[in-house]
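Have the structure open as you read.

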Amino acid sequence: MRTYPEKPNKVYFFGTCLVDMAYPAAGMAGIRLIQREGVNVAFPQKQTCCGQPAYNSGFPEEAKAVAREQIRIFNKNYPIVVPSGSCAGMMRYHYPELFKNEPDIEGVKRFSERIYELTEFLVHVLKVRLDDQGHHVKVTWHSSCHALREMRVTEDSKALIRQLKKVELVELQNEKECCGFGGTFSIKRPEISAAMVRDKAEDIRQTGARIVLGGDCGCLMNISGAMEYHQIPVYQQHIAEFIWERTNG
Amino acid sequence: MAKNAHFDFKTNIDKALGNRQLRTNLKSAMDYLKVKRSTLFDDENELEELRTLGNAIKRRALSQLPQLLEQLEEKCTQNGIQVHWAETTADANQIVLDIFRQHNARHLVKGKSMVSEEMHVNAFLQDHEIEAMETDLGEFIIQLAGEPPSHIIVPAIHKNKDEIARLFHEKLPNCPYTEEVAELNAIARKTLRQKFFEGEIGLSGVNFAVAETGTLCLVENEGNGRMCTTVPPVHIAVMGLEKVVEKMEEVPPLLRLLTGSATGQLITTYFNMITSPRKEGEKDGPKEVHLVILDNGRSRILSDPDLQQVLQCIRCGTCMNHCPVYTRIGGHAYGFVYPGPIGEILTPQIEGLDEAGDLVSASSLCNACEEVCPVKIPIPALIRRLRNENYADERDGTVPGYGYKKNFIEALSWRGWQLMNTRPAIFKIGSKLMGLFGNRLPQVGPLKHWTSARTAPRLAPKNLHALAREEGVDNE
């Protein structure tokens with residue numbers, strides 16, 4: 001079990017490339033949720049991507065170059081909050097692996113120690129109390145594999161949803177199973193990925209939920225794309241945006 | 001070993017995904033096995049301790065493998081077991097054939113063994129006019145169907161009861177059609193009983209070989225393994241050289257991990273410990289026991305400190321049961337003997353990346369396999385490593401066939417990606433262009449694959465960098 005620090009004065013926000021391009025509102029919501037607790041947020045404008053796409057695709061040198069750049073940019077000793085279990089897992093657990101034979105490995109490890117997934121940070125460090133102001137709604141939750149099995153923050157995300165009094169959380173039947181995104185997997189093995197996401201979309205439909213929430217935009221993009229393709233009328237949203245909308249009265 | 005020159009993963013995958021019956025069979029079987037496992041291992045802390053112990057035992061064994069193998073040979077020889085070393089599967093087959101020739105034997109009864117599958121020993125013996133009969137029920141079924149196993153523990157898992165009923169009716173002489181499981185079992189039992197009488201030599205695998213005592217341990221549920229190793233006058237056991245452990249006391253935890261992970265059983269119906277041939281005055285057991293220890297690339301794999309972890313595997317198959325890819329395409333699509341996650345990291349190392357390197361694409365790196373592996377093999381990390389090897393050049397490639405995927409277009413794309421993500425000025429221009437035109441890109445290349453099953457992702461006109469800037473969020 002990870003030990004968490006006291007509430008800091010300031011944090012870094014690492015937006016991730018997918019949030020940046022496709023879900024910027026989720027990123028802003030994450031920043032606001034942290035600011036609301038009286039913590040300053042810095043968003044270094046030079047940040048880009050964690051490097052995971054190349055890391056998982058057989059191009060470690062390219063991944064390393066991009067990772068090193070993030071380590072250089074986020075150089076002050078603030079916690080780094082990431083609105084994605086997968087990118088957080090990359091920076092927390094895979095950077096030390098990626099740089100294990102490099103002279104600056106100790107610095108990389110100290111960087112990795114500062115990484116927190118957003119919902120984990122909201123629950124354990126900021127200890128947020130949410131005041132739900134929305135109407136009754138039935139939602140379901142999809143956990144990314146890396147939030148579940150690497151960062152192990154799924155219970156934190158669900159705990160936040162359960163704080164919202166008028167939100168009914170229905171769990172998925174095959175909750176622990178991958179949605180078939182897997183980054184470049186979805187385009188390198190599109191047939192298998194399609195079969196996986198089709199099943200996930202069906203599981204979501206069967207919950208009767210109106211919204212599927214997630215903490216990882218890769219999964220959300222995959223699942224919502226498949227649901228739209230198969231005309232399953234369930235709305236998708238990143239958890240940060242959902243919480244912000246319901247508690248920002 | 002025969003190279004699989006026609007391995008075409010894409011065609012195999014499409015064929016498997018198109019088979020609705022296969023997917024239904026697999027899903028219900030895998031769900032059943034997963035529930036059985038989690039019901040048995042209901043104490044998370046206890047399981048974690050056990051897995052840590054299993055990992056330590058296998059790692060320690062690998063760290064002193066040459067010595068342990070020598071000790072095993074010495075002990076076995078003292079006990080009267082004849083030990084043979086086979087560098088290749090061809091060598092192993094020749095050893096088996098020589099034993100048949102010594103005895104003028106023509107009939108083999110086989111217990112379940114993945115190493116024997118690796119050797120393709122049935123086909124080899126058939127070429128020498130020797131009948132090899134599978135006696136494990138699942139293996140018996142697929143041998144009738146003329147198929148290889150689709151799973152390392154439950155080889156006929158891709159077939160349902162009705163398919164087996166039809167198969168028995170068509171392939172077994174005078175077999176009436178029945179869908180009753182008890183009747184189907186009785187038919188198989190009766191057929192096999194006759195074969196056990198005819199078998200002159202029995203062949204089995206080995207789950208654990210204990211160096212300090214020279215004991216061969218064999219795990220099974222049907223009793224056919226005990227029949228194969230005790231009824232015929234000659235018993236040949238085949239094992240991969242990674243199956244040796246140092247001490248007898250290491251067997252119980254490994255056995256518990258194996259049966260619990262594989263089928264959710266606390267213990268199997270049969271657990272055989274073979275330490276010698278029939279001794280004087282004993283009334284049963286084979287008069288000769290042979291142990292064939294196969295390398296087939298394993299000692300080469302052992303020389304890499306990371307990749308050698310694949311040799312910790314105890315062949316429980318739980319990585320398959322928990323794999324979302326395996327559950328959808330089944331074992332045959334993987335094209336070689338070992339399917340699923342373990343096959344992805346073992347097969348390319350044995351066969352070479354140029355033959356089987358494409359297998360490592362069949363993973364979303366979801367880590368489900370790593371989470372359940374009883375000996376904690378970091379399967380996703382090894383998949384990543386082999387993906388690197390697929391593109392590696394002379395400086396850092398080590399696995400045979402490395403670099404077979406290297407191509408200019410992909411290398412250039414990732415270089416471009418690196419440039420965009422390390423130069424803020426280029427990133428800014430790139431983001432702006434994506435915001436303007438990203439939603440109007442033609443559906444070719446990666447986007448074409450994406451939109452074969454999903455609508456195209458919609459990019460925001462303003463990215464988070466721009467929003468944060470406008471909202472006055474600090475830059476540092």
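Predicted model: local features only at pLDDT ≥ 70, side-chain atom pairs only at ≥ 80, totals over all residues.

Residues are numbered from 1 along each chain as its sequence is written, chains are lettered from A and ligands numbered from 1 in the order in which they are written, and side-chain values use heavy atoms, with hydrogens and water left out.

Start with the interface. On the chain A side, 72 residues are in contact with 63 residues of chain B (contact is heavy atoms within 4.5 Å). Together the two chains bury about 6,000 Å², 59% of it on carbon and sulfur atoms; that is accessible area, with a 1.4 Å probe, lost on putting the two parts together and summed over both. Between chain A and chain B there are 13 salt bridges (a side-chain nitrogen of Lys or Arg within 4 Å of a carboxyl oxygen of Asp or Glu). E177(A) and R328(B) meet in a salt bridge, at 2.8 Å from N to O. Helix α11 (residues 190-207) of chain A gives the most to the side of chain A that touches chain B, with nine residues. Helices here are DSSP runs of H or I, at least four residues, and strands are runs of E, at least two, numbered from the N terminus.

Now the rings. The whole structure holds 16 aromatic pairs over all chains. Rings of Phe, Tyr and Trp (its six-membered ring) pair if their centres lie within 6.5 Å, and planes under 30 degrees apart count as stacked, over 60 as edge-to-face and the rest as tilted. Y95(A) and F111(A) are stacked, 5.7 Å centre to centre with 15° between the planes. They link distant parts of the chain, helix α5 (residues 85-98) and helix α6 (residues 105-113) of chain A, 16 residues apart. In chain B, ring pairs join F7(B), F9(B), Y326(B), Y334(B) and F336(B) into a cluster.

| Charged residue | Ring | Distance to ring centre |
|---|---|---|
| R2(A) | Y116(A) | 3.9 Å |
| R454(B) | W450(B) | 4.4 Å |

Last, the backbone. H120(B), a residue other than glycine, has a positive phi near 50°, and N296(B), also not glycine, has a positive phi near 45°. Buried or partly exposed: what is N296(B)? N296(B) is buried, at 9% relative accessible area, while H120(B) counts as partly exposed at 40% (buried is under 20%, exposed over 50%, partly exposed in between, with a 1.4 Å probe and protein chains only).

Conventions. Lys NZ or Arg CZ within 6 Å of the ring centre and 35° of its normal.
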